[in-house]
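Here are some short notes for your review. Please read them alongside the model.

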Amino acid sequence: MKFFIDTADVGEIKEARALGILDGVTTNPSLVKKSGRTFKDVATEICKLVEGPVSLEVVSIDCDGMLKEAKELLKYGSNVVIKLPLIPEGLKACRRLSQDGVKTNVTLCFSPVQALLAAKAGASYISPFVGRLDDVGQDGMQIIPEIRKIYDNYGFETEILVASVRHPIHVHQAALAGADVATIPFKVFGQLVQHPLTDKGLAQFLKDAEATKA
Ligand code: E4P
């Protein structure tokens, strides 16, 4: 499974990249706002820093506007993936861009049938938002194995990119369900590696090693 980081904070991307397990980056307008920088500055820096795919989101809500924006976003680098909302105009734009060989990430997906539509439109990635479904009292993770099954039934190559990840259990369940990618917030990256028994065991090993030095 690939790991993307869900952030527009360059410092966080550098730290996650240093772990040697980072495959790409996803951003959205809210994450860019949170970074306190302009979209242009952030996109320029991230696309240079990261070799893997970098999702940059359009903010138009009509197909022509999305296509126009995509043309500009693609100038940031050859690794840019155009992030499109899962609305009818977004699907139209997805079809057009995929026909032109442009990578797309269809975002704001909350149901398996929406994911089916995105795959039919030729999306490179589908982003189901599991955490936001949890927030409204649904089991967000439940849709991931269903999307996997639907894609496998028909041989769709669209990659399932589990988004709105809130904790390590989401990553665990995404991996079990056969998701292709999880886009993970920086805080959760930190939590993934931690286990109290690892720390306890290491402390004991270091203590015992010290005792055998003399
Ligand atoms: C995905 O690409 C989105 O940027 C993101 O995962 C949304 O997460 P949130 O629900 O925590 O805002």
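Is Cys94 buried or exposed? The points below take this up and then turn to the fold. Note that the model is predicted.

1. Cys94. This residue is buried, and its relative accessible area is 0%.

2. The structure has zero disulfides. Cys94 takes part in none; its nearest cysteine sulfur belongs to Cys63, 10 Å away.

3. Cys47. This cysteine is in no disulfide either. For Cys47, the nearest cysteine sulfur is that of Cys94, at 19 Å. Cys47 is buried, with a relative accessible area of 7%. The cut-off for buried is under 20%, so Cys47 qualifies.

4. Barrel. Eight strands form a closed barrel. The order is β1-β2-β3-β4-β5-β6-β7-β8, and the pairing is parallel. On average, neighbouring strands of this sheet are turned by 30 degrees against each other, with direction ignored. In general, strands of a sheet pair through backbone hydrogen bonds.

5. The β7 and β8 pair. Strand β7 covers residues 159–162 and strand β8 covers residues 181–184. They pair in the parallel sense, over two bridges. Val162 stands opposite Ala182, which belongs to β8.

6. Helix α4. This helix spans residues 63–73.

Technical notes: Residues are numbered from 1 along each chain as its sequence is written. This is a predicted model: local features need pLDDT of at least 70, side-chain atom pairs count only at pLDDT 80 or more; totals for chains, interfaces and linings use all residues. Side-chain values use heavy atoms; hydrogens and water are left out. A disulfide is a pair of cysteine sulfur atoms within 2.5 Å. Buried means under 20% relative accessible area, exposed over 50%, partly exposed in between (1.4 Å probe, protein chains only). Two strands pair if DSSP finds at least two bridges between them. Helices (H or I, at least four residues) and strands (E, at least two) are DSSP runs, numbered from the N terminus. Axes are lines fitted to C-alpha atoms, for helices over the stretch in contact, and angles run from 0 to 180 degrees between N-to-C directions. Contact means heavy atoms within 4.5 Å.
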